[in-house]
Amino acid sequence: MRVIDPHMHLVSRTTDDYLALAYGGIHTVAEPAFWPGFDRASAASFHDYFHQLTVTEPARAARFKIRHYCWIGMNAKEAEHLELAREVIAMLPQYLDRPNALGIGEVGLNKNSRNEIAIFEEQVELAARRNELLLIHTPHLEDKLKGTRIIMDILKNEPRVTPERVLIDHAEEHTIGEIKDNGFWYGLTLYPDSKGSPARAIDAVEIFGPDRICINSSADWSVSDPIATLKCANEMRRRGHPEALAERVFFENPRDFLGQSPKFVLP
Amino acid sequence: MTGKSCSLTSQEILDTYFLENRARLLEIASFLDRLDRAADAGEVRGEYRRRAFEKALALLLEPGGERTKAIQLLFSDPSSEPIESALGLKATGAWGGENAGN
């Protein structure tokens, strides 16, 4: 089957992982800019990272015939350092102009602080001004519900941003309904320990329907699984769902969302 | 929720998922036993994560098909005001009230 994983952090993964993607039929991936597990000391580190996302990683993926797209943004985790965060926001346009950059992401909130909100609002304004797609990171665990609501309020206050061009990621059972009701796309992340499982993700498809859902592995430097989307598709088969539904959720949906960028091209 | 049903019958769900969820139930039981066997077991009985966990266990027996959402809400920060600073804070999985659990 054909699978697009719309959220993977491949700079953190091994070459063996690329082989597993290629063997499994995950031939298109999108990589959001994120927090590397430590706070960066200067804007120069972000220049290097955005170069890696837009030049190095696509070349690495191409060795395995995998199409690599990315998102460029200032993550919420490092937003407490306002001066550095604003220096990074100023450099975003030059990387957003690169051929594999689909939009601004993953940006949003982490602990729902005032500085995180300020940096998120500035990037929403940038997205509106440039008509960029937005990929939103929602907070983890106990902070998710509050953060998701603050994020949606900010987005709804920007009339130049339309909900069909925004994907709110890392949704879970208590946030999916509100996200859908507001017209946004939503992402479900499959993590072995701390986020959703394949079974819960397919529960969501059954309960909320297959519209505007994208399921991802968010495979990164922590406990995660680069072929989690394949395991989730298999969970769908385990329940007797038709192959066409799996194709829709794991290929057509991410294609339709990401395809709103003219840079996203499938053969 | 839309109320849409699962694609499987009840019997098929039990046949497919009983064993793996039996194992998960035993993991939870052994986690609670481990807490009780700890040298300081009495001192942490009121800790906010343990209290939330025990409330969540009670929700498992509620009927209605929205247990997962109810447990997610139980663990969530219900406030709406931004916090002043996130420096040094991390998510712990349960909300312990203002200035707790961070």
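With 26 C-beta neighbours inside 10 Å, A:Asn112 counts as buried, a residue being buried if 20 or more other C-beta atoms lie within 10 Å of its own, exposed if 12 or fewer, and partly exposed in between, with C-beta atoms placed from the backbone. The model is predicted, so that local features need pLDDT of at least 70 and side-chain atom pairs count only at pLDDT 80 or more, whereas totals for chains, interfaces and linings use all residues. Residues are numbered from 1 along each chain as its sequence is written, and chains are lettered from A and ligands numbered from 1 in the order in which they are written.

A:Asn112 is placed in the loop between strand S4 and helix H4 (114-130) of chain A, and its phi is near 70°, a positive value in a residue other than glycine. A:Ser218, in the loop between S8 and H8 of chain A, likewise is not a glycine and has a positive phi, of about 45°; with 26 C-beta neighbours inside 10 Å, A:Ser218 counts as buried. Most residues other than glycine have a negative phi, and most peptide bonds are trans. The peptide bond from A:Gly105 to A:Glu106, however, is cis, with omega near -15°, and A:Glu106 lies in strand S4 (residues 101-108).

Chain A contains nine helices and eight strands, where helices (H or I, at least four residues) and strands (E, at least two) are DSSP runs numbered from the N terminus. Buried residues make up 53% of chain A.

In helix H8 (residues 228-238) of chain A, the buried residues include A:Ala228, A:Leu230, A:Cys232 and A:Glu235, and among the elements that cover the buried residues of H8(A) are strand S1 (3-5), helix H1 (15-24) and helix H9 (243-258). Just after H8(A), A:Gly240 takes a positive phi of about 85°. H8(A) and H9(A) pack at an angle of about 155°, with their axes 10 Å apart, the axes being lines fitted to C-alpha atoms, for helices over the stretch in contact, and the angles running from 0 to 180 degrees between N-to-C directions. The two helices, H8(A) and H9(A), are therefore roughly antiparallel to each other, since angles under 35 degrees count as roughly parallel, over 145 as roughly antiparallel, 65 to 115 as roughly perpendicular and the rest as oblique. Their contact is made by A:Thr229, A:Ala233, A:Met236 and A:Arg237 of H8(A) and by A:Leu245, A:Ala246 and A:Phe250 of H9(A), two residues being in contact if their C-beta atoms, placed from the backbone, lie within 7 Å.

In chain B, helix H2 (residues 48-59) and helix H3 (residues 67-75) pack at an angle of about 160°, with their axes 10 Å apart, and H2(B) and H3(B) are therefore roughly antiparallel to each other. Between the chains, 28 residues of chain B are in contact with 29 residues of chain A. On the side of chain B that touches chain A, the largest share, five residues, comes from H3(B).
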